[in-house]
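Open the structure in your viewer and keep the selection tool ready. Follow the stops in order.

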Amino acid sequence: MAKKKDGHQAFEEFYSETYKERWPSLKEALLSPKNHLVLYNPYVHGDMPQERNFLELPYLYESHGEELDSHKDERPLPFYFLDGASAIAPHQLHVAPGEKVLDLCAAPGGKSLILAYALEGKGSLTANDKSENRRFRLQRVLRDYLPSEVYDSCIRVTGFDAGGWCLYEKEAYDKVLLDAPCSSERHLLESPHLLKEWRIGRTKRLAKNQWTMLASAWLVLKYGGRLVYSTCSLSPLENDGVVEKLVKKFDEECKVIKPQIPRAEETAYGTILLPDRSGHGPFYLAVFEKQTQD
Ligand SMILES: C[S@@+](CC[C@H](N)C(=O)[O-])C[C@H]1O[C@@H](n2cnc3c(N)ncnc32)[C@H](O)[C@@H]1O
């Protein structure tokens, strides 16, 4: 009888087939320390210098050893640490004050904070997460980083299944972010016990789940609205593979927008930042507009 493949071996085979000769250097970059960003709080800092901004995104800087300890009794807190490129996704929604925004998988809340800051206290942000523990953290982040009157007037924290949201609301939001649960290979590589259990079925299952959520996200988006789908996965099944289904199913009303992001690599439907070439990521995102048909 053939010996059952070890998870680590199956993982290596899948990703070396996917990334070919690039895989060794990509893996090495995945194993090196992450680059963190600091999101300064506009309610505390007012205008910030633009020159050193990360990718010219407002209030985002490469981290320079900032520490929150000495600020722990202040509210709102002055800055929040984010993982590398992930901050790009909420900015691609181009949120404007007064809009109705939905973040379907929001905890622990870094991207929700960026969305909330873009609203400037006008409009609404629904920050959703199915996990009770993580939702508790999400709520705390939003309370700690927003003035209480902004939290009370603009923020709603919910705990629904993103994949079933469209059963209750349709064409209801101007902007929707789906930062989907994914393979998160960087995390897997740091966890030998998880890696040992890896099977290709894992990324396939996640992709199926992501598709259910993305289809739901699309249905809750208003016509004329914008949707961003993102993952921190390297697996094409969870990235372009999921997006392709959306583009095929909603063909004429689904306009794919290709964002121009320095050091990012264009894929069939989106863009990916990989750590060997960009110093950030992995982070995949795809941007869509929902067009009315005339
Ligand atoms: C990639 S993380 C989100 C990170 C978050 N956007 C941030 O920037 O801090 C994915 C989240 O999806 C949540 N999640 C998983 N399945 C879900 C579902 N079916 N519906 C809603 N949330 C879900 C997880 O609890 C997890 O917090």
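**Stop 1: around the ligand**

Select the ligand and the residues around it. There are 18 residues there, and those that come nearest are Cys105, Lys130, Ser131, Ala162 and Asp179. Keep in mind that this is a predicted model. Now colour the shell by class. It has six nonpolar, six polar and six charged residues.

**Stop 2: helix α1**

Next, select residues 7-19, which form helix α1. Check its length. At 1.5 Å a residue, its 13 residues should span 18 Å, and the C-alpha atoms at its ends are 18 Å apart, so the two agree.

Which residues of α1 are buried? Show Phe11, Phe14 and Tyr15 to find them. Then look down the axis of α1: its buried residues fall within an arc of 85 degrees, so they line one face of the helix. An α-helix has 3.6 residues a turn, so residues three or four places apart point the same way.

Now turn to the face of α1 that points away from its buried side. Gln9, Glu13 and Glu17 are the exposed residues carried there.

What covers the buried residues of α1? Select α2 (23-31), α9 (192-196) and α10 (200-220), which are included in that cover. Lys20 takes a positive phi of about 50 degrees.

**Stop 3: Ala116**

Select helix α5, residues 110-119, and pick out Ala116 within it.

Val101 is 15 residues from Ala116 in sequence, and their C-alpha atoms are 8.9 Å apart in space. Then show the contacts of Ala116, leaving aside its neighbours within four places in sequence: Leu125, Leu142, Leu146, Cys154 and Ile155.

**Stop 4: the nonpolar cores**

Nonpolar side chains tend to be buried together in soluble globular proteins. Here, the largest nonpolar core has 75 residues. Select Leu104, Leu142, Val176, Leu178 and Ala217, which have the most contacts inside that core. Helix α10 gives the most to this core, with eight residues.

Zoom in on Leu142. Beyond its neighbours within four places in sequence, Leu142 is in contact with Gly109, Ser112, Leu113, Ala116, Ala127, Tyr151, Ile155 and Val157.

Terms used. Residues numbered from 1 in each chain as written. Predicted model: local features only at pLDDT ≥ 70, side-chain atom pairs only at ≥ 80, totals over all residues. Near = placed C-beta within 6 Å. Nonpolar A, V, L, I, M, F, W, Y, C, P; charged D, E, K, R; others polar. Helix = DSSP H or I, 4+ residues; strand = E, 2+ residues; numbered from the N terminus. Expected span 1.5 Å × (residues − 1). Buried ≥ 20, exposed ≤ 12 C-beta atoms within 10 Å, placed from the backbone. Arc of directions from axis to C-beta. Contact = placed C-beta atoms within 7 Å. Core = buried A, V, L, I, M, F, W, Y, C linked by C-beta atoms within 7 Å.
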